[in-house]
Amino acid sequence: KPLFMAGTVQDVTERKRIEKEILISKNQLQATLESSDMPMFSVDCDYCWTGFNKAYVQFVKKDRNAQVQIGKSILATAEKSPEFYRQLKCNLDRVLSGEPFVYDYLVSLQDNSRIYFEIHHYPILDNKQRVIGASVFMQDVSERKRAETALLEAKQAAEQGSQAKSQFLSNITHELKTPLTSIKGFVETLM
């Protein structure tokens, strides 16, 4: 039988409170990401997923017929398409070097539909400002692109209409000027 017991007691109330706050904050952030219909994901410096929302999971399944998984390489979803692989890796390398950037990208899905995305890339920094990953947000701008295309087509049609009007007026002026010159000459002869 033990004769005595030794131990230490430490108040962990503050640590438990902080852990609870972190968990609440993490759940709020996850709920915010999940409520968005904008595909979002994050990767570490080894190109492995560290997070994503449901909209991204659905997009990858529709676009690449692939599964996403925390810890799995995002580059594996692009292996069947060398051009897409090269572009994906180039963009991830760029953001993982610390450069935030945005660009437009047309995605042709397996069902032959097309979606224009404005893709936002942001480096994720640690408390010493070192890049530890990247977050990517994919905003569907298909409606904006369609409106831009329609506006451009309308502008071109208006310019063609203006050219046709100018040509018509030039022709009418010429057609009226020729007989009027003869009449003017005849009137001057009579005077």
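Which residues have the most contacts inside the largest nonpolar core? Let's work through this predicted model and find out.

## The core

The answer is Phe41, Trp49, Tyr56, Ile74, Leu92 and Met138, and the core they sit in has 28 residues. The biggest giver is α3, with five residues.

Take a look at Met138, one of the residues with the most contacts inside the core. Skipping its neighbours within four places in sequence, Met138 is in contact with Met38, Pro39, Phe41, Tyr56, Phe59, Phe117, Glu118 and Ile119.

## Overall layout

Step back and you'll find four helices and five strands in the chain. Their order along the sequence is α-β-β-α-α-β-β-β-α. The chain is more spread out than a compact globule, because its radius of gyration is 33 Å, well over the 16 Å that the globule rule gives for 191 residues. Along the principal axes, the C-alpha atoms fill a box of roughly 145 × 40 × 30 Å.

As for contacts between residues at least 6 apart in sequence, 38% of them link residues at least 24 apart.

How much of the chain is buried? Of its 191 residues, 25% count as buried.

Technical notes. Residues are numbered from 1 along each chain as its sequence is written. This is a predicted model: local features need pLDDT of at least 70, side-chain atom pairs count only at pLDDT 80 or more; totals for chains, interfaces and linings use all residues. Side-chain values use heavy atoms; hydrogens and water are left out. Helices (H or I, at least four residues) and strands (E, at least two) are DSSP runs, numbered from the N terminus. The radius of gyration is taken over C-alpha atoms; the globule rule is 2.2 Å times the number of residues to the power 0.38. Buried means under 20% relative accessible area, exposed over 50%, partly exposed in between (1.4 Å probe, protein chains only). Contact means heavy atoms within 4.5 Å. A nonpolar core is a set of buried Ala, Val, Leu, Ile, Met, Phe, Trp, Tyr and Cys residues joined through side-chain atoms within 4.5 Å.
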